[in-house]
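Good morning, colleagues. Please have the sequence and the structure open, and I shall take you through selected parts of the chain in turn.

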Amino acid sequence: MEGRMQGKAPLSDSNRRIMDADAPPRRVYQGWKGSNIFFLGGRLIFGPDVRSLILTVCLIVIPVILFAAVISGQLDHEYHNQIGGWVASVAIIFTAYIIVLLLLTSGRDPGIIPRNAHPPEPEDVGESSNLSEWPGGQHGSTGLPLTKDVLVNGVLVKVKYCHTCMLYRPPRCSHCSICNNCVERFDHHCPWVGQCIGKRNYRFFFMFVSSTTLLCVYVFAFCWVDLRIIMDTHRCKLGRAIMKSPVSGILILYTFIAVWFVGGLTSFHLYLISTNQTTYENFRYRYDRKTNPHNRGLVQNFIEILCSRIPSSRNNFRAKVKEDSATFPSSLGMGRALSPPKMSVDLEMGMKRQTVAMEELEDLHSQIGSAMGLERCGTEPPHIVGRKGCSEIATDIEAFAEEFGLEQRFTERKKIEQRTSHNP
């Protein structure tokens, strides 16, 4: 038994790929080229810094637990069970609402534009392409101009070509370097929620930030109420009251600092909504110095951002797809010519195709070489060569080598094998 096991040759990479051809198709999220992290089988999509979400949840939940457990109990005692329970209930329900908004912001597609498998054809770019940013009016490595002009509300807007996603970005779209995706109406990448903020989750982000501001004010106010009651009851000053209720003092300091952060964000985004800008546009373009083609007036801007219908995602992360893997035909004896493997490659990985082709050629040649050693094609196994002779297979291999620019390596290996066969 051991002899038989040791005599079995390990499967080559090409054989594994042939066996994997019958494997069930993968889903889109399993082959996703961005840096996102998926949960629940592609139902939730997060950014690569999703761990920061745990910190954000703790910064919200822990102070509320202290507030509900300590401050509401003291208010119950001081008001004789009249107010403490209600104060705690409102805080807990409001916190749960904020956590839901946080998950809606962080765990959904922010507006990712699907990548193209191939660059657009130069003739499809149109006459509006702009070559002014290329030295001497030259094209890029793809033969496409860097920018083209698009008309938005009567104003010409330049849109850039994304070499990673192989597409011209729509107006207000930008490529996030952290998530490695082009995001529609890109606002910014928020490390506190671990996700890009774009067209499909900006509303939830604003609601999350503004609601957190209100929660901070709520906790801050009732902690002051608690300290004020202690000062009146014990006829003492503020320092003595804080000594009697240190949790109130800690929460007052914490919410005071937090409200400057989340309150400032809320105010800033209220300004952005009123002028129909994104954070990226505000820092990059400064529309106050020129016309903002997206500004529709104060009321219409708020309606568009907060009341309009959120568009459906352009991506179906759970859709099943066939892998475009490098596989050979299962039989070479059916009169079919040997064809090179098909593989989808990024423009940024130009050498990948040649490397894989080299490995395939070596695996295939080793199999054919072992078959040719059996009485010079007299006893070839039918599942390897089928109806083809050795000369036909050698011709196919040469054509395969020529296709991938490996002629020199193939010729050298062929000469070595010929010398070995003549000098046993």
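Strand S6 and strand S7, the latter formed by residues 167–168, run antiparallel and are joined by 2 bridges. Please bear in mind throughout that this is a predicted model. Across this pairing, Tyr 161 stands opposite Tyr 168 in S7. The hairpin of S6 and S7 has 4 residues between the strands, and in that hairpin Met 166 adopts a positive phi near 55°.

On its other pairing, which strand does S6 meet, and over how many bridges? Strand S5, residues 147–152, pairs with S6, residues 155–162, in the antiparallel sense over 6 bridges. Two of the facing positions may be named: Leu 151 has Leu 156 of S6 as its bridge partner, and Val 152 is set opposite Val 155 in S6. The hairpin of S5 and S6 has 2 residues between the strands, and Asn 153 has a positive phi near 50° there. As a general point, the side chains of a regular strand alternate between the two faces of the sheet.

Let me turn to charged contacts. In general, side chains of opposite charge can pair when their charged atoms come close. The structure holds 6 salt bridges, and I shall discuss some of them.

One of them involves Lys 158 and Asp 149, whose closest N and O atoms are 3.8 Å apart.

Another salt bridge brings together the side chains of Arg 314 and Glu 184, at 3.4 Å from N to O. This pair links distant parts of the chain, 130 residues apart. Arg 314 lies in the loop between helix H9 (298–307) and strand S12 (320–321), while Glu 184 lies in the loop between strand S9 (181–183) and strand S10 (188–190). Arg 314 is classed as partly exposed because its relative accessibility is 47%. Glu 184, by contrast, has a relative accessible area of 18% and therefore counts as buried, the cut-off being under 20%.

Glu 304 is partly exposed because its relative accessibility is 24%, and Arg 296 is partly exposed because its relative accessible area is 48%.

Tyr 280 has its place in helix H8, residues 279–284.

The unreviewed UniProt entry carries the annotation "transmembrane region" for residues 53–71, 83–105, 204–231 and 251–273.

Helix H4, residues 84–106, comprises 23 residues. From its first C-alpha to its last, H4 reaches 33 Å, close to the 33 Å expected at 1.5 Å a residue. Which residues of H4 are buried? Among them are Gly 84, Val 87, Ala 88, Ala 91, Thr 95, Ile 98 and Ile 99. Further along H4, Leu 101, Leu 102, Thr 105 and Ser 106 are buried as well.

Finally, the surface. Leu 55, Leu 59, Trp 192, Tyr 254 and Phe 261 make a nonpolar surface patch of about 460 Å². Which helices each supply at least two residues of this patch? They are helix H3 (52–78) and helix H7 (246–275). Leu 59 is found in H3, and Leu 59 counts as partly exposed because its relative accessibility is 35%.

Thank you for your attention.

Notes: Residues are numbered from 1 along each chain as its sequence is written. This is a predicted model: local features need pLDDT of at least 70, side-chain atom pairs count only at pLDDT 80 or more; totals for chains, interfaces and linings use all residues. Side-chain values use heavy atoms; hydrogens and water are left out. Two strands pair if DSSP finds at least two bridges between them. Patches are made of residues with over 30% relative accessible area and no salt bridge: like charges are joined within 9 Å, nonpolar side chains (Val, Leu, Ile, Met, Phe, Trp, Tyr) within 5 Å. Accessible areas come from the Shrake-Rupley method with a 1.4 Å probe; for residues, only the protein chains shown count as cover. A salt bridge is a side-chain nitrogen of Lys or Arg within 4 Å of a carboxyl oxygen of Asp or Glu. Buried means under 20% relative accessible area, exposed over 50%, partly exposed in between (1.4 Å probe, protein chains only). The expected span of a helix is 1.5 Å times one less than its number of residues. UniProt positions are given in the numbering used here, feature names are shortened, and annotations may be inferred rather than shown by experiment.
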